[in-house]
Amino acid sequence: MSPGNETGSRATRPVAAVTMSRFPKLTETFVLNELLALPEHGIDVEVFPLLREKTSVVHASAAAVTEAATFYPFMSVAILRSNLRTLRAKPAVYLGSLLTLVRETWRSPNFLVGALGIFPKVVAAAERMHHLGVDHMHCHFATHPAVAGWIVHRLVGIPYSFTAHGSDLHVDRRMLPLKVREAAFVVAISADNRDEILQDCGVMLAERVHVIRCGVDSHTFAPRPFRSIPAKLNLVSIGTLHEVKGQRHLLDACQLLHAAGALSMCTFIGDGPDHDLLVRHAKSLGLDEVVTFAGPCPSRVVASHLGQADVLIAPSVPTAAGKREGIPVVLMEAMASGVPVIASRLSGIPELVEHDRSGLLTPPGDHRAIAAAVLRLRDEAGLAERLVAGGLDMVQGEFDLSRNVERLATLIRQSAAGPR
């Protein structure tokens, strides 16, 4: 995304390498939007995904970013040579990093295998970043992307940071204290996430952990004229079809709403491992005629669905494995579009959806409460209009993309200007 600096000397504008687990991932609009916004705030960007996402549906704006990104296989002759060069030049650092990686993660076989799997390619990426004159590395997700930042920092001295989003922080915190201690700074997308980090890492690191919200693209998601809630509602739920999103509970709520004559249609946008299970569950509830699965959609199509929706519902739940969402970006997109929202009282969600002010909150997994909230929106005069106004105030105030990217860019500039 930037011309780079092949001589290895510092450029006038800081150069940031950004890494994430997979790219281009349709559901991670928050990563894409940030990548596109950083250059507007004075930061040139080089993208180093850990994996190339295999997908047939991508956002139009992701094409150029993907074309310019640097993808590495797990192993190649070039990667092997890079590792041998690094081993010869810095044997203690190379072997010490590898041993630390094993010592810190061996109790979690899945995490250990993933960390060892990316190690060779990250070594090659570190060499490339050094050659490009990268000033700072920012990593999305506290798991393996943050491990990559730690490895790069150890090998070539480039300062790094990472953003903790949701399940990446809640399920497996291997190496978290070490990654936080050695990071230039850490971003939490919610105060709830920040508290989780400090609980593990200690309050002495509090000044290093910053709450910077994900932001909404106000050009794609703009407020529509307010319209009253009809007798039969058009509901929409957007996100990966996965247990953590709680779509099964929304289907149970739809059965109650359908029986009460209050449901026109409920559209599920997204794809995922629970697709077939959810389709079967909808059929078993007799909802074939009022539930549709639209599949994965780019942002412009999501915006179109929101334009037709009466309510967006995000029925998130904690999974059996402990996964929890952070703050679903789709809630911000709906609120920015002037659509009232219903969401679960979980994790950082109440920091965006303040009950009775910017949306309605229900207990996670309570389908009766979801149905009751929908009926309340329909029947209580003035409620929907008040929530829409409160939602717009919230996203325009605390969840503005440009304002929050500027906060991140400021931290990157401070890191890039500091000593190595």
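Reader: What average pLDDT does the protein chain have?

Author: This is a predicted model, and confidence comes first. Of the residues, 97% score at least 70. The average pLDDT of the protein chain is 94.

Reader: How many residues of helix H13 are buried?

Author: Helix H13 spans residues 329-336 and is mostly covered. Its buried residues are Val329, Val330, Leu331, Met332, Glu333, Ala334, Met335 and Ala336. The count of buried residues in H13 is 8 of 8.

Reader: What covers the buried residues of H13?

Author: The cover includes both helices and strands. The strands are S9 (233-238), S12 (311-314) and S13 (341-344). The helices in the cover include H1, H12 and H15 (383-398).

Reader: Which residue with a positive phi follows H13?

Author: The phi of this residue is near 80°. The residue is a glycine, Gly338.

Reader: Which element gives the most to the lining of the second largest pocket?

Author: The second largest pocket holds about 410 Å³ of space. Helices H1 (29-37), H12 (299-308) and H16 (401-417) each give two or more residues to its lining. The top contribution is 5 residues, and it comes from H1.

Reader: Which residues lie nearest the centre of the second largest pocket?

Author: The lining has 22 residues. By class, 8 are nonpolar, 10 polar and 4 charged. Nearest the centre lie Asn33, Asp217, His219, Thr220 and Leu401.

Reader: How many cavities of 30 Å³ or more are there, and what is the volume of the largest?

Author: Rolling a probe the size of a water molecule over the atoms shows where empty space is left. The count of cavities of 30 Å³ or more is 4. The largest cavity has a volume of about 160 Å³.

Reader: Which element gives the most to the lining of the largest cavity?

Author: The lining has 17 residues, with Glu34, Ile212, Arg213, Cys214 and Gly215 nearest the centre. By class it divides into 8 nonpolar, 7 polar and 2 charged. H1, strand S5 (136-140) and H16 each supply at least two residues. With 4 residues, the element that gives the most is H16.

Reader: How many disulfides are there?

Author: A disulfide needs two cysteine sulfur atoms within 2.5 Å. For Cys254, the nearest cysteine sulfur is that of Cys266, 3.8 Å away, and Cys254 is in no disulfide. Cys266 is likewise in no disulfide. The count of disulfides is 0.

Reader: Are Cys254 and Cys266 buried or exposed?

Author: The cut-off for buried is under 20% relative accessible area. Cys254 has 0% relative accessibility, so Cys254 is buried. Cys266 also has 0%, so Cys266 is buried.

Reader: What does Leu178 touch, not counting residues up to four places away in sequence?

Author: Leu178 lies in helix H8 (residues 176-182). Leu178 counts as buried because its relative accessibility is 8%. Leu178 touches Thr100, Glu104, Trp150, Arg154 and Tyr160.

Reader: What distance separates the C-alpha atoms of Leu178 and Ser218?

Author: Leu178 and Ser218 are 40 residues apart along the chain. Their C-alpha atoms are separated by 37 Å.

Reader: What is the omega of the peptide bond from Phe23 to Pro24?

Author: Most residues other than glycine have a negative phi, and most peptide bonds are trans. Pro24 sits in the loop between strand S2 (22-23) and H1. The bond from Phe23 to Pro24 is cis, with omega near -5°.

Reader: Is Phe141 buried or exposed?

Author: Phe141 is not a glycine, and its phi is positive, about 100°. Phe141 lies in the loop between S5 and helix H6 (144-156). Its relative accessibility is 11%, so Phe141 is buried.

Reader: How does Asp356 count by accessibility: buried, partly exposed or exposed?

Author: Asp356 lies in the loop between S13 and strand S14 (360-362). Its phi is positive, near 70°. At 28% relative accessibility, Asp356 counts as partly exposed.

Methods
Residues are numbered from 1 along each chain as its sequence is written. This is a predicted model: local features need pLDDT of at least 70, side-chain atom pairs count only at pLDDT 80 or more; totals for chains, interfaces and linings use all residues. Side-chain values use heavy atoms; hydrogens and water are left out. On a 1 Å grid over the protein atoms alone, a cavity is a set of points where a 1.4 Å probe fits but cannot get out, and a pocket is an open set with protein on both sides within 12 Å along at least five of seven lines; lining residues have an atom within 4 Å of a point. Grid points are joined across faces, edges and corners, and a volume is the space filled by probe spheres set on the points. Ala, Val, Leu, Ile, Met, Phe, Trp, Tyr, Cys and Pro count as nonpolar, Asp, Glu, Lys and Arg as charged, and the others, Gly among them, as polar. Buried means under 20% relative accessible area, exposed over 50%, partly exposed in between (1.4 Å probe, protein chains only). Contact means heavy atoms within 4.5 Å. pLDDT is the predictor's confidence in each residue, from 0 to 100.
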